[in-house]
Every structure is written in structure tokens, then in C-alpha cells.
Amino acid sequence: MRIADIVRLRIRSLFSRTRVERELYEELQYHLEREIEEYVAAGMSPAEARRAALRSISGLEQRKEECRDMRGWNLIDNLRKDLGFALRQLRQNPGFTSTAIFVLALGMCASLSIFAFVDAALIRPLPYRDPARLVAVYETNAMFPLSNLSYPDYLDWKQRNVVFRSLDIYNARGFRLSTPGGAQPARGARVSDGFFRTLGITPVLGRDFYPGEDQPSAPRTTLLSYAAWQQQYAGRRDVLGQTVTLDGEAYVIVGVLPREFHFAPVGRAAFWVPFRASGSCDLRRSCHGLYGVARLQPGISLQAARANVKAIAGQLEKEYPGSNRDQGADLTLLSEGIVGDVRPILVVLLSGAGLLLLISAVNVAGLLLVRSESRQREIAVRTALGASSARLVGQFATEALVLAAAGGVLGLASASWSIKLLQGLISDDFLARLPFLDGLGLNGRVVTAGVAIAAIAAVLLALPPSLRIWSPELRRGLAEASRGSAGTVWRRLGSRLVVLELATAMVLLAGAGLLGQSLYRLLHVNLGVRPDRLVTMEVHAPRESYGKDPQAIALARLVADRVETLPGVESVGIVENGAPLSGNGNTTWFHVVGRPWHGEHYDVAERDVSPGYFSTLGTGLLRGRYFLATDDASAPRVGIVNLAFARRHFPNEDAVGKQIASTSTPPVITQIVGVVDDIREGPLDAPIPPVLYLPFDQSPDNDFSLVVRTSRDERPLVPLLAATIRAIDPAIVPLKGMTMTAKIQDSPSAYFHRSLAWLVGGFAAMALLLGVVGLYGVVAYSVSRRSREIGIRIALGAQSRSIYELILREAGRLIALGIAIGVACSVGAARLMRGVLFGVRSWDVPTLAAVAGVLATAALLATLIPARRAASVNPVESLRAE
Amino acid sequence: MQGTLDLLILKVIALEPMHGWAIARRIRQMSGDVLQVGQGALYPSLHKLEQNGWIRAEWAASESNRRAKYYTLTKAGRKALEHEAAQWERLAGAISLIVRTA
């Protein structure tokens, strides 16, 4: 008989039950009748014959039951009954059921969300052929253990090495893309001709770069990323042969890269062009701007390859002592270069989430134990009525399965949502460097992990009540409550676990509190700027048309004039080297005229600003004057310094009127004419460095930023500004237009603090919830075990007040212990966190007190439920029941 | 002995399709009244064999012109019978060897 027939038979047995049941009856009935006939034939009376036949068949019903067993009905039948019973049981206790499911779902949600990230970053293989044989190639020097290659070094390495099947280079490159609507910024990368062959990537459309296509004499060509092909060319196949204009040069599109291809080191590069060595940097041996990637020869180990490149670096050091002194070489696996940064973070997060999951499962197991305690009599009665241990265990296993399944479904559903939430915690800039996180979500592996976790949880949950059933003490369950060792073990283990959970919750809550406070301080730090109704935007003008000083000055003036006429605009400022919060930008060296100087460097950040810059920002003038329109190329060189500069270099004198000289020859002498308040030029949490402001007209540039103050809502101004700038010349790229408020909110340091605060806060909330549920479980268990004692106490006249006290004292001990350990650990953890805290001391008493208060309140509320149950114990009932 | 009844049933219906009562009677007759198949064991065994796919059941009119459930050996059942029979031969031979020499 074929498998199909067997399946058909089984299914028939299961679904056409009435018919099969009838046939069974008929068959046995037939047998019975034939027996009777036989007995009658042997001379018995019909009644006698019937009795004899029935005796010989010894129990028609049992026979039927045996036949049913043979057909595997009972298994299914029992399962169905168990399932119905389990659902009824769970429905009867909605509080227990929802708590258990919620706690399980929470643990699963946390660990599955993190697992999705781990899967995307660490488990899913990189989209290259045989990625384990790919290595990242670096030069090394004293300051940077893994630094970039120079082009001449690369050529020598490529020629001399005996360990790579191929060695190629790449670097990221931003382009100005010409479009009908004006110039757009575009991400790109320059790669040597064999780059994609080394990775084992074949274009989905068109061709790869030819060998030699990276020579300066070759025509300019480009490969498109799949995303760029879809977005900018709507996936049309006739894109091949079309030209794009990048930085004013025409490139022919020769191919499209596969959809799954990504290369994190260059982010989301849209245009991949052959590397053509040009300009001073590419040809200079001491200019390091390239990254290397290589495929190892078959049979060559990473160590052997490393030894070979180190040896080559040694040769080059001897041959070119001027440029290659102390330039070594190193290799790592390419995967290390791509996901190495995020691995430790992910591993820590996954361990944390896994621990939460374990604790949540143990907590729910504790709750189930409490229930099995209160269902002891039910179990004993069922045992007495003939239920086998297997049947009882099956019952609990079914309940555990239902809980785990519900928790699993809810956990998976919420994980798909929380993955998005976690992704939102990563800033766009950073996300662009993690392209392997694209398309993150519930994939097959994550769902499989979810199902596996739910299955393990089900086993874990079924275990404690099942162990109780198998333990011999239960057999006495009808007579008296068991007071065996299993219960004591759980009480002791559970109490310790609760103390641990509460302490963990305390540490995490305190951490979240400190991070939240430090985020608040960070967002409200004094910027030296009035941030409301202020907009900034970068302006990138092509060097070909605006590279000369008068051109740049004229452009800046034109832009400022046009912007000033926009509705609501009050004033406009120009700054080169970045608006506030952009970073410290370029620095310059100087020395103070009239002071002894022996060639030492005084480093200072430099900003070139228009006369209206400070008044637009609302930055206070402390001494002297702002720049004037007359401070131009024809006028004497002047400068304004910030307070930090004045304090550092002129601590007890007036900076105004002093002269500083550049270290170039001949030196440029600049007279300081004013001192302004410190502006936060760099990250919100970084100390403010000395800054020297120079007049834009004396030091112009074709790339600059606008700051615009308006009297109206500043948000609609951002697109308006971009349109105004494009109207001047479509080749100019307006970039990063945003309100100052958004700039503060989205600044990397704010992002970092906010993400950390949310992450720690999320874990803290879960830990708090788990701690409280765990406490409830332990106290409720204890109450259920002591109901006899409590009954006696009440019978002897104890007031409900004293019963409350009895329970609360027991819980209070655990809470106090948990909080005490938690406080000690919090202080330690906060000291470790000191580096990321801003404006908050690690030993912040109000935070610790508030957190301890929240924790104690929540824990006491959780205790009140079983305490009230204890106080309302009916002594008569409890004593009779025991 | 465990499985022996299965072997007997398979062997008996290998000759012709038969209903449960007839199987029991045939076993008794063939064994010269030595083997009395308890009806309690027969039917569960039949249902198990049917679930295994070794025998197939169909309703047909019996010799007394009543509806009865007739069991037929399937291809898989025939194979199982050969296997079981060989097993039995081996076992019986081994036991008798020991019994005789002892």
C-alpha cells in the first residue's frame, strides 16, 4: 500500500468518525451474532448463547476502545480534549493568561528584534562569491593601525605579491550629478578595473569594466547601482549607452549591478566609475586615500598573505625612505572590515535580549507553578479517577504549548514592528554605512528562530508542573498538601531570581534615567546661538565657474541678496567651513605677534563669515566690533575670536587690538577686532575649541553655508531657499537644508544619546515588568503554600492587617535587597557610563532616589494582589481543604 | 507471543479474503483447536494491520447473506507476511534447537 493510501486511511479515520464508528459497531455486532449462532447450533438457548458470546468477547466497549486506540483516535481525541480544557482553563484566568502571554511575547519580541539585526549583519553571508577568501588590505603607521593605501604603493603591491589572485582598490567619492532640474549631489565610488571580478560580482545588465578601463586614456564609463537604475532610470533596459554628467564630465553607462550587491565601505554608492589616477594625491606615494580588497590565492592562508604584504612593505620602506618610513601593511578578512564594527554591539545586545527571554520564560514557569499548586486537588481527583500520569502531563504540556504559541505569535508580530523602531534609532548617515541592514524584517530565519524559541519555551513551561506530577509526594495530594523539597527549591531559587531581576531593573532604570537627563541637558545646552526660527543650508558651487575669489564673493553676495528678499526673512549670514554644530572644520596655525615664537604650532579652528553672520545667529558681541562690509580684500586683515580663544591665548589681557600672524611665508598679519560668545561649532557634547573668525570677503570659497533668520515659521523656508539658489544657477547644489532645531535634534551626539536612552530605557521597562511579575509569582506561590498557616492565624483571631503585614514583610525583604544591590551596581555602572553622560554626575542622588521609588512602588503593587488574597482566606475553607 | 497473531492473520487471509469471525475460526481449525484466538485480541490486531496498510477491508455479503467486513492482503501485506514468516522460521528453529539439545 502506498503512503498516499495510508494517509487517506488515517484521514478517513479522523474525519469520517461517525461512519467508521458505525462500521466498527457493525463488524463487532456481526461477530457477536455469528458467535451466538454457533452457540445455538451447539445446543444452547438463545439467551444462554448471547450471554456466552458476550462473555467470550469479554467487554464489547473495551474492544471498541482498543480498536480506536489502534487507529490512533485517542491520541487526537485526547489532544482535542486537552486543548479545549486548556483554553477553558486559560479563559477562566484572564489575568494569569494575559500576563503570561504578554511576558513571553515581550521576551520573544526583544530577542527576535535583535536577532533580526544579528541575522542581517552576521549570519547572512556577504553577497560576494566565496566571501571567506576576500581580504581587506591596509597600510599601517604609528597613528593608524589600519590606514589607507597610496596609489603608487598599490601598484607595487599588486605587482610584487604572490598571495593574491587579484588585488584592487576603491574609495568613496561624492559627485555633482547634472539633471534637467539642476545639479544634484550623488554618491559614488572609484574602483580599479578588476574590482567587481575580485568580489565575484557580474552586472545584471551590460558589462563589467574592461581590464585597462581605469587608465586615464580610456573613455569615461560608469556602472549603476541597482537602486539608482530603478529610481533614476525606472529600470529601463535602454539605459546602456546613455551618458550621465558627473562633476561636469560625461560618463557612458555600461552596466547595472545586481540588486543584492552592497559594499558597506562606500555606503550607498550610485555611480561606480573606474579609478583614473589623476591629480596630485593619486600620484604621490605619501598621499594615502585608497582602500584595498583582494582575493587570496587558493591554499594561501591569511597569515601567509599577511607575511607577504608585510615583506613588500619592508622592501618599499627601504626603496622609498622619504615617503614610506614606518609604513607597514596588514590584512583582515573583508567581512571583518564590513561588519567588524557592529559585531560586539550586536553580541552584547543579543546576550541582553536572550537573558531577558530566559528570565521571562522562568517567570512564566513560576506563575504556572503557582497555578499547579492551586490545582493540586483537581490533579489528585483526576488521578484517582484513573487519569494516567501521561494524560496529566499531556494536559499541562498542552497548556504550556498554548501559552508559548500565543506568546510566540504575539512576539513575532510585535518584533516586526520593533525592528522598524530599532532601525529608526540609527541615524540615516550611519544607516548608509550599514547597507546590509536594508530590507531588515521578519525573514525565514527569524521566523524559524521564533518558532524554535516558542518550542523551547513550551518545554520549559511544561516542565515544573510535570515534575510535580511525577514526584511521588503528589500521590498524597488528596490527604494533605505536599511540602516537599521541590517547592522549597523553587521558593529559594525564585526569591534569588527576583532579587536579581529587581537589581537588574534598578541598574537599567538608573542608566535610562541618567541618559534621559543627559539628553535633556544636551538638547538645552547653550549654543551661543538663538536656535528658533533659524535655517541653515550648504551651497556647493562648481569650482570651474566660481573658483576664483571675486566669483565666489559675487556669488555669496547674490545669494544673500536674493534670500533677503524672501518673505519673512530678517537677516542672512554666510559662513565657510560649516555652520554651527557642523564640526570643527579646518584649522589654521598661527602665533601671536610680539611674543617670543620658536616655530611651535597653535592650532585654531577657522571660520570665514560675512558681516551679518553673528547678528543673524544672535551671538553676543563681548568686546570690539562685528565685521563690516568694508572688511574686504583691499582692507587690512582683521579677525574676530571667540571667548575660548581669548581665554586661552589672552587670559589676562584684552584680545582686541592684538595681532596674530600665520605660519606661512610671508606671514599674514591679522588684527583682532572683536570677541564673541562661544558658538557650539562641533558636537553638542564636545568642549568648545578656540575659533578664529575671518571676513568671508578676505578669504572666500565656492562652497559655503547660509544661515537665515526669519520672523515666520522656519520650516517652509527650507525648500524655498533651495529653489532660490537653483534659480541663480542650476549647476549649484543646495545641500542639507534644515532648521537649527532639527539640526540640534538630529545632530550625531543627540542621536547617540537619544538612541542609547531609548535602548536602555526599553530594556529597563522590560526588566522592571519582569521583576514585578517575578515578584508576584514568588509571593503568590508562597501565599498558596501558606494558606493553611494563614487560615489558622485568622481562625485564631489575626486581623487582615497583620496578614497583610506578614506577606508584605516577606516581599519587602526581597524588594529592599533587590534595590540595595541595584543601587550599588547602578553607581558602578554609571561610573562606567561616565564617558557618555553629559552634564549629569554618575552619582546622581535624585535619579537614584526616583528610580528606587518607582521600583519599590511597582513591586509593592505587585505584592498587594497575593497579599489581599491571603487576607481574604476563609479559615474554614482553607482548613477543610487541606 | 507478540506479533504472532499478526503473522497468523496475514497467513490465513493470504489464501482468500475473510471476515473477522471466519479468521478466528480458520486459525482454530488449522491449528487443530490448539490456538484459540481471543476475540479481544483479534479485532484490535485487524485494525492495526489495516492502519499499517498490510490488509484492506471491504464490505461484502457473507456466506449467510449478511453484510460482513472482509479483509484482503495487500501487496505490502504480502511482503510483510514473507518477512514475518521467515522471522518466525528462524526463531522457531532456534528455539527447537535449544530445546532438543538441552
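Me: What should I know before I start?
Reply: Residues are numbered from 1 along each chain as its sequence is written, and chains are lettered from A, with ligands numbered from 1, in the order in which they are written. Because the model is predicted, local features need pLDDT of at least 70 and side-chain atom pairs count only at pLDDT 80 or more, while totals for chains, interfaces and linings use all residues.

Me: How many helices and strands are there in chain B?
Reply: Helices (H or I, at least four residues) and strands (E, at least two) are DSSP runs, numbered from the N terminus. Chain B has four helices and three strands, which follow the order α-β-α-α-β-β-α from the N terminus on, whereas chain A comes to 30 helices and 21 strands.

Me: What percentage of the residues of chain A count as buried?
Reply: A residue is buried if 20 or more other C-beta atoms, placed from the backbone, lie within 10 Å of its own, exposed if 12 or fewer, and partly exposed in between. In chain A, 40% of the 882 residues count as buried, and in chain B the figure is 34% of 102 residues.

Me: Which strands pair with strand 2 of chain A?
Reply: Two strands pair if DSSP finds at least two bridges between them. Strand 2 (residues 164-179) of chain A pairs in the antiparallel sense with strand 9 (residues 291-296) of chain A over six bridges, where D168(A) stands opposite V293(A). Strand 2 of chain A also pairs in the antiparallel sense with strand 3 (residues 182-191) of chain A, over 10 bridges, and A172(A) has A189(A) as its bridge partner there. Strands 2 and 3 of chain A form a hairpin with two residues between them.
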